Amino acid sequence: MSTDTIRILYVDDDPDDLLLFSTILKKNKGTNYQIESASTYEEALEKANEVFDVFLVDYKLGKETGLELIQEIKAKQKHVPVIMLTGMNTGTIDQEALQVGASDYLIKGEFDARTLDRTLRYAIRDSQLMESLDKAAVKFRSIFERAGDPFLLMDSSSKILEANPIFINKFGMEPHSEDSGKGYYFTDLFRYEDPKLMLMEVLGKKSEVYDLEAELKINSENSINALISIVKQDTNLFQVLIKDLTAMKAKEEEELNLKKFSSTGRIARLLAHEVKNPLTTIVLSADQLKMELPEEVLEESGDLIEVIQRNCNRINQLVTQLLESTRFSELDISNQSINELLDQALEQVKDRIEIKGFEIIKDYQDELCDIDVDSEKVKIALINLLVNAVEAMPERGGKLTLKTYIKNKQCRVEIKDNGVGIPKENLERLFEPFFTSKDSGSGLGLTNTQNIILSHGGSIRVKSEVGKGTAFLISFNLSSS
Ligand code: ADP
Ligand code: MG
């Protein structure tokens, strides 16, 4: 709309009324009105495709009523203001007009130049306001819908009123709907009491909070580490933004694992180099002694030389194992289905599982989960994990869950048991060579497994709770072919 010209479409089947209307309008010197007219419903409908700043529509239009025309115009131009005209002030016409989208209502013969001018200007301004509000709402909605982080609106009782798709996907909670009567409460997601109480206090005081750290449940078993910010929108409306830290923490853990692994490897190579030479000298000297010492001396000293030899061998073996388990070896790569590899690994521990009567739950993704790997090595890695799981579970009630799925273009494997679990202080040491809690454990299983996964460019993580069980999570890049 230009500031000084107002384009009007005047729809009326009575030409006298049009004349009267133009005459009144012309009394307003300040504004330039450009009036076009339509005398039938059809003509008006056609012109409703053109740009006007405002439409004036008579209630009576031959066999149709102006109400229908208003609906048609609004369907074509949602925001244009339409003012209804009637010949008399009767009953409910004004309400009906408002219901179908009219901005205002004028009674012929009851308005003067100033009232008319004001009515037109107000109607135009209001509709412009509505249009910009609508645009802002669309913009807001799309930010809301497309936000990369979970986002929601709640009231001061923490009842969820609106939530974006990311939130609904992650937490499976739908916003509260008045009809269903049941509501979901944001506080129900908190795993622990402390942050929950803090949130309730914030809401009680109608204040705000930034970066509150809490664990939020995504289902009965799993939760995520989240940073929560709550911003007050209105007295009883709060915006909640959730930042999922799980992915960040997993990445940090992965990097740390890789660093640890390479420093262990360095130490192992150094050790091997520094130990093996003197060790060889000791072994050779012991051999020599055994050959050269007189028989009676040897007899007197018992098997001491053999003790030396045996222990040298043991040291040699350990150093070799250490070196082997921390050195990336050559890979014989081919395209493999992870489900098949897992089944083949399972076959190797089947006997032990059957003897102990463990239950196996397989949750394999049917979709192609193909990876380019050294099948023999990956099988060894999987077997190590399966054996550990078997060794961690009780005779009765052991449950082994094997899961494969694709996420973020990665093929993931989860091996979960409901065994003894791993104490926190051990979690950090799991992958260290020779770390074991078992009487006759080698402590090399996980070191080897980690080596194999890392040498494929994959990653391995562990989640465990004492008394509940342990889950190892492996990711490989999906095959590119
Ligand atoms: P080993 O099995 O010879 O002890 P590993 O390297 O395979 O050596 O495992 C190291 C340690 O990690 C185990 O001794 C055990 O304490 C712990 N561990 C590994 N997997 C599990 C599991 N699934 N449940 C409980 N503890 C485990
Ligand atoms: Mg083991």
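Residues are numbered from 1 along each chain as its sequence is written, and chains are lettered from A and ligands numbered from 1 in the order in which they are written. In this predicted model local features need pLDDT of at least 70, side-chain atom pairs count only at pLDDT 80 or more, and totals for chains, interfaces and linings use all residues, while side-chain values use heavy atoms, with hydrogens and water left out.

Trainee: How far apart are the end C-alpha atoms of helix 7?

Mentor: Helices here are DSSP runs of H or I with at least four residues, strands are runs of E with at least two, and both are numbered from the N terminus. The expected span is 1.5 Å times one less than the number of residues, so the 12 residues of helix 7 (residues 193-204) should span 16 Å, and this agrees with the distance between the end C-alpha atoms, 16 Å.

Trainee: Which residues of helix 7 are buried?

Mentor: Buried means under 20% relative accessible area, exposed over 50%, and partly exposed in between, with a 1.4 Å probe and protein chains only. Seen down the axis, the buried residues fall within an arc of 120 degrees, taken from the directions from the helix axis to the C-beta atoms, so they line one face of helix 7. They are P195, K196, L199, V202 and L203.

Trainee: Is Q365 buried or exposed?

Mentor: Q365 lies in the loop between strand 14 (359-364) and strand 15 (370-374). Because its relative accessibility is 19%, Q365 counts as buried.
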